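Grab a pencil and let's work through a few exercises on charged pairs and packed helices. Try each task yourself before you read the solution.

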Amino acid sequence: MKGFRYFLIIACAVAFTACSKSNGSKEDDSQRSVMVLYSAGFNSLSSNLQTNIKEMKQGWLPTKKTGQDVVLIVSKPKNDTYSQQTSPYLIRMYKKDTQVVMDTIRTYPVGKRLTDTEMFRTIMMDVKSLYPAKSYGMVFSSHASGWLPTGYFANPEYYENLPVQGRLGKRTIGQEVYVEGGSTKSDEMEVEELASAIPYKLDYLLFDACFAGCIEVAYALKDKTALVGFSQAEVFTDGFDYTTMVRRILKEKDPVKVCEDYISLYELKTGDLRSATISAIKTSGLGNLASVCKTLCNKYRDQISTLDWKKVQPFFGGEQYWFFDLEDIFLQAGITAEEKASLESALNACVAYKGTTGQYYSATDARTHKVNVFSGFTMYLPSVPGDYLRDFYKGLSWNKAVGLVE
């Protein structure tokens, strides 16, 4: 069975800055769009992410003519061991006649980590400086664990046993592994740190990563991107359909199609591999959705806080009960038909596309699970075990907006 894009190692953070090697050249930007593949793969996904880049070469690509759309790749290839650090780089991929060209635009110092927020901001500012354009978008490909605190996915018991003053976890996206003092560690970004590091508004931000499809993640990014695409469950290491990706985004100007292609790709598979969930979210509607959910949370607080989690649509396996369908939580709490209509209207205003193969696979319990209810978002259910997680959740921007956990 293939691997998945979620965290297995406890992380610790470091700060650093980037340096550049090339000044690049200015081009006409009047109609240009820039797509950035942020391939944060100095981890167990490294070879898979490099395969994804090779798959991009097989599809449609822009040329390097003046004013042409631009495909940029941010990557840091892994050597045989994590102790052998490499240099992150920024490259431009384009078509010249029948050949695919990979021009290295900037090389950053050895050991700089793509999961550091300052590094992320530096690279994004480099992108804008080198390639002024009318619009920018990103595909972020790596491990992820949704809104969960750093390390919680791999070892929840450790965090639940911490004293209150020790509960300093982060919501995580991206992963880089390194060796320090003979121990293997990892750096991860928390989602709201990632949002703060995005220096300009994106047209889209598509996550090729496990468990990113949370309302908590979408809400944290609502002011930084017009569209978020993400999976509610685990994502096989093959990830998106990279052969069609650039054409969908730059030629057809329709990043939602990337999400549709993802489902189509896995619909063709058989057995456990026929497993995928995804949604494309218009962030402009998240404010109204929060308002509707706040009303429901206030009215049904007691029901939600005591809800039997086994009755709610999950998107996880085993006892990793942290990702439940948002709508089904409220349905199981007993909302009225009128309230259901109001909630679905708010959801429909947000969800540009949602799709599943009817099942998802969990590596935790090594089996598939049926998808019976699918709103396009997962959400935390405060009736599940975990005092640490409930305390941590209070600080999320989504929780501050709706008051799910008091």
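Let's start with R274, which is partly exposed at 28% relative accessibility (buried means under 20% relative accessible area, exposed over 50%, and partly exposed in between, with a 1.4 Å probe and protein chains only). A quick note before the tasks: the model is predicted, so local features need pLDDT of at least 70 and side-chain atom pairs count only at pLDDT 80 or more, while totals for chains, interfaces and linings use all residues. Residues are numbered from 1 along each chain as its sequence is written, and side-chain values use heavy atoms, leaving out hydrogens and water.

**Exercise 1.** Find the salt-bridge partner of R274 and say how accessible that partner is.

*Solution.* Step one: recall that side chains of opposite charge can pair when their charged atoms come close. Step two: apply the cut-off, a side-chain nitrogen of Lys or Arg within 4 Å of a carboxyl oxygen of Asp or Glu. R274 meets E267 at 2.5 Å, N to O. Step three: E267 has a relative accessible area of 32%, which makes this residue partly exposed. Elsewhere, shared partners link R247, R248, E252 and D261 into one salt-bridge network.

**Exercise 2.** Take the pair R248 and E252 and decide for each residue: buried or partly exposed?

*Solution.* First, the bridge itself: the closest N and O atoms of R248 and E252 are 2.9 Å apart. Next, R248 has a relative accessible area of 16%, so R248 is buried. E252, at 34%, is partly exposed. In total, the structure holds 14 salt bridges.

**Exercise 3.** Work out how K257 and E260 are placed along helix 7.

*Solution.* Start with the pairing: K257 and E260 form a salt bridge, with 3.4 Å between the closest N and O atoms. Now look at helix 7 (residues 256-267), where the two sit three residues apart, so about one helical turn separates them. Helices here are DSSP runs of H or I with at least four residues, numbered from the N terminus.

**Exercise 4.** Describe how helix 8 and helix 11 pack.

*Solution.* Begin with the axes, lines fitted to C-alpha atoms over the stretch in contact, with angles from 0 to 180 degrees between N-to-C directions. The axes of helix 8 (residues 286-299) and helix 11 (residues 337-350) come within 8 Å and cross at roughly 155 degrees. Therefore the two helices are roughly antiparallel (an angle over 145 degrees). Finally, contact means heavy atoms within 4.5 Å: residues including L289 and V292 in helix 8 meet residues including L343 and A346 in helix 11.

Terms used. Parallel < 35°, antiparallel > 145°, perpendicular 65-115°, else oblique.
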